[in-house]
Amino acid sequence: MIQKWTDKIVQFFLNANVISENEIEIYNYGVKILLFQLLVYWVIGCLAICFDKLLTTIAYYSGFLPVRYVAGGFHASTHLKCFFVTISLYIIAIAICAYMQGFGVYCNLVIIILSIMIIVRRAPV
């Protein structure tokens, strides 16, 4: 499905003389990644609305994306595996956040500080 959309978009760019023949492969890859990421964020947005966790999701991604950018992350062998790993991690993170609401603010602060220390120490960058 994503590949069909990718091919149509790249072909549109080619027909509109936005790209040249020798750029097709590069744009094919970039458009496919962009469409995949949009699909993942759309599904997560729908889940956030269904779970009534929109603000928690925004907070999650405000912290998760910078860490993923700096620290790297797991790379699945296929887009489908990546999709399911990403969605699963999101659901687990939202469940943990719901569970941790019963903890005090100071306990959560200690957990956050310890997490940051682990990430700084173990990050490959």
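The model is predicted: local features need pLDDT of at least 70, side-chain atom pairs count only at pLDDT 80 or more, and totals for chains, interfaces and linings use all residues. Residues are numbered from 1 along each chain as its sequence is written, and side-chain values use heavy atoms, with hydrogens and water left out.

Start with the fold. The protein has five helices and zero strands. Helices here are DSSP runs (H or I, at least four residues), strands are E runs of at least two, and both are numbered from the N terminus. The order of elements is α-α-α-α-α.

Next comes the overall form. The C-alpha atoms fill a box of roughly 60 × 35 × 25 Å along the principal axes. The radius of gyration is 19 Å, whereas a compact globule of 125 residues would have one near 14 Å. That radius is taken over C-alpha atoms, and the globule rule is 2.2 Å times the number of residues to the power 0.38. Buried residues make up 20% of the 125 residues. Buried means under 20% relative accessible area, exposed over 50%, and partly exposed in between (1.4 Å probe, protein chains only).

Now look at single residues. Glutamine 3 sits in helix 1 (residues 2-15). Glutamine 3 counts as partly exposed because its relative accessibility is 32%. Leaving aside neighbours within four places in sequence, glutamine 3 is in contact (heavy atoms within 4.5 Å) with Asn28 and Lys32.

Threonine 86 belongs to helix 4 (residues 79-100). Its relative accessible area is 16%, so threonine 86 is buried. Not counting residues up to four places away in sequence, threonine 86 touches Val40, Ile44 and Tyr61.

The whole structure holds six aromatic pairs. Rings of Phe, Tyr and Trp (its six-membered ring) pair if their centres lie within 6.5 Å; planes under 30 degrees apart count as stacked, over 60 as edge-to-face and the rest as tilted. Tyrosine 41 and tyrosine 61 are edge-to-face, because their ring centres are 5.6 Å apart and their planes stand at 85°. Tyrosine 41 lies in helix 2 (residues 24-51) and tyrosine 61 in helix 3 (residues 54-71), so the pair ties together parts that are 20 residues apart in sequence. Tyrosine 61 is buried, with a relative accessible area of 11%.

Tyrosine 60 and tyrosine 90 are edge-to-face too, with centres 5.9 Å apart and planes at 65°. Tyrosine 60 lies in helix 3 and tyrosine 90 in helix 4, so this pair joins parts 30 residues apart in sequence. Tyr41, Tyr60, Tyr61 and Tyr90 form one aromatic cluster.
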